[in-house]
Amino acid sequence: MASWGALHRLQVIARSAHALPSSCKLSTKAAGPRRAAQSYPVLNGGILPIYRHVYAANTRNSEGCRQRYLELLEKVKFGGGENAILRHTQRNKKLLVRERLRLLLDDQAFLELSPFAGLGLTYGDVPAAGCLSGVGKIHGIWCVFVANDATVKGGTAYPITVKKQLRAQEIALQNRLPTVYLVDSGGAFLPLQAELFPDKEHGGRTFYNEAVMSALKIPQVAVVCGSCTAGGAYIPTMAEETIIVDRIGTIFLAGPPLVKAATGESVSSEDLGGAKLHSQVSGCVDHFAPTEDDAYSRARHIISAVNYDPVPEETTDYEEPLYDRHELPGLAPRDYSCTLDVKLILSRIVDGSKFREFKADYGTCLVTGFASIDGHLVGIVASNGELTHNASLKGCHFVQLCNQREIPLLFLQNTTSRASLPPNQAKAAEQTNQIKAQASMMAAVACATVPKITLVIGGCHGGESFAMCGRSFSPNFLFLWPNARVAIVDPNTAATKESPDDERALQKKLREESCAFYSSARLWDDGVILPEDTREVGIMDICPGDRDLSCLHLAVCLFNHLLTSWRPMRSCGHCFNAQ
Ligand code: COA
């Protein structure tokens with residue numbers, strides 16, 4: 001145990017580190033690293049003729065994945081379907097959720113998260129989980145948005161809706177972003193109340209998080225642009241500033257039908273909890289907006305006055321990769337046997353295809369090194385085979401290095417489902433050491449406080465996926481390519497002691513469950529992105545071709561923003577669910 005004197009010396013050293021003159025502090029400005037990255041060695045991204053058959057097999061597989069991706073995207077864009085859209089716009093005279101976001105956000109790129117959440121669940125399809133979430137700018141300030149889509153069962157909250165809202169709040173907290181809620185919800189989806197009400201990570205957690213985020217000085221604004229019934233009533237009432245739209249917004253714990261049933265009294269929604277009542281009598285809201293347009297304009301004004309600095313203008317002073325991004329589908333592995341050198345992928349993602357490799361000749365099953373993405377310096381950790389003992393030690397070293405230098409980390413994950421079986425006792429002992437080394441890497445990843453992004457480019461299997469910053473290791477964002485497979489073991493190698501029929505049935509089940517869209521439907525990630533769009537365009541935009549944003553660009557910009565405008569957070573004595 002350290003002596004008191006040693007402990008005191010350590011404390012003095014720690015304090016003096018915080019008191020370094022600014023010239024001695026770590027540089028987090030983009031310009032320096034950007035210039036340095038321009039001189040890094042250029043990767044050779046040429047695909048050798050002997051690998052053309054692998055490339056062709058991957059391309060065919062990626063094309064199938066792309067078709068599925070586009071089909072699902074189309075489905076999601078229609079929300080609750082034609083009748084529900086008519087009811088929403090014609091009868092209820094409300095704007096569609098994407099039109100609302102268009103009015104709320106700057107006329108710039110933004111990123112929608114997890115659009116496939118809610119598709120094909122045991123309780124049916126809930127397009128976009130009935131609630132759009134993402135990150136966009138308002139008056140130049142990055143904000144998280146959470147917007148109910150009332151065309152999906154009146155905007156009621158399913159278990160997956162709650163999960164999506166909690167994830168959006170987690171992103172807001174991790175990246176310290178103001179949050180805007182557009183509330184239009186009939187409260188809990190009653191038939192599933194047992195799965196969304198009682199537990200810790202259920203509906204009430206949204207309100208708990210609102211309180212904790214406020215205490216941590218993360219501004220939150222709500223616009224009541226529809227029904228806020230029952231639990232839905234607490235989102236606007238717990239936000240710091242709330243706007244309600246006349247004749248459209250209502251807030252009550254139980255609507256007129258329940259009042260009638262309980263008391264026999266007939267009362268209109270407007271009298272029970274309309275805009276005038278809440279802005280003039282109850283004081284539940286702070287601003288009355290005569291129209292929806294006016295409400296979003298007011299929300300923008302509020303965000304402009306939260307005393308956050310706008311993001312500095314983005315630089316365009318960086319080089320595009322030298323190799324064609326449209327070749328990425330051919331490099332997206334169909335399965336583990338179709339995996340090519342990961343540097344072929346890196347050469348199509350990083351600026352100028354330039355990469356300064358770290359420990360190039362050691363533990364080569366993992367590639368580590370520095371590169372820039374759109375001018376932002378990142379540390380890259382990329383699977384290039386089984387995460388061996390040496391590869392794990394290298395990964396551990398590199399992650400600690402980036403953490404010490406405050407460089408965001410980008411993990412490209414393609415993990416094996418199972419280490420090859422040891423042929424003898426010596427090999428078995430070697431594998432045991434591998435577990436220990438992987439555990440060290442896991443510890444380094446878990447404890448690294450720098451921002452982390454994970455991109456699953458192939459397999460996300462077994463224990464190796466944890467060391468490669470899988471979902472349970474809390475990366476700030478995790479995206480999947482559509483060819484990705486997420487399962488504890490590779491479905492094709494899953495064996496049972498039962499009959500061959502049972503084995504086939506198990507493998508079929510695992511195959512379905514390991515699909516990227518299955519993962520995204522359950523919010524095990526932040527969205528599926530096409531390989532060729534990784535750097536160039538966004539997952540989905542309000543109006544196709546209008547405002548799109550690459551997930552990596554956004555994530556890396558956010559991280560740079562986070563590092564350059566660090567706001568120390570004062571603890572409010574509560575622990576947030578994300579931490
Ligand atoms: N649970 C389950 N389903 C619900 C629901 C709820 N809380 N609230 C609405 N729905 C369903 C309706 O059954 C309808 O389904 P359908 O399209 O299959 O027919 C759909 O959502 C739309 O509802 P509808 O009433 O036709 O639309 P609307 O736009 O006129 O009104 C609401 C929407 C949310 C204002 C209204 O449905 C309402 O007040 N619901 C009750 C809210 C409530 O009491 N919640 C308590 C939860 S604890």
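Helices here (H or I, at least four residues) are DSSP runs numbered from the N terminus, and their axes are lines fitted to C-alpha atoms over the stretch in contact, with angles running from 0 to 180 degrees between N-to-C directions. Welcome to a predicted model, in which local features need pLDDT of at least 70, side-chain atom pairs count only at pLDDT 80 or more, and totals for chains, interfaces and linings use all residues. Residues are numbered from 1 along each chain as its sequence is written, and side-chain values use heavy atoms, leaving out hydrogens and water.

**View 1. Helices α5 and α12 pack at an angle of about 45°.**
Here α5 (residues 97-104) and α12 (residues 292-304) have their axes 8 Å apart. Look for Arg100, Leu103 and Leu104 in α5, which meet Glu292, Asp293, Tyr296, Ala299 and Arg300 in α12; contact means heavy atoms within 4.5 Å.

**View 2. Helices α15 and α16 pack at an angle of about 15°.**
The axes of α15 (residues 389-405) and α16 (residues 425-447) are 8 Å apart, and the two helices are therefore roughly parallel to each other. Residues of α15 in the contact include His389 and Leu393, while those of α16 include Asn433 and Met441.

An N or O atom in the side chain of asparagine 92 is 2.8 Å from an oxygen atom of the ligand. A polar backbone atom of glycine 186 is 2.8 Å from a ligand nitrogen atom.

Methods:
Parallel < 35°, antiparallel > 145°, perpendicular 65-115°, else oblique. Polar contact = N/O pair within 3.5 Å; in protein donor to acceptor, adjacent residues only side chain to side chain.
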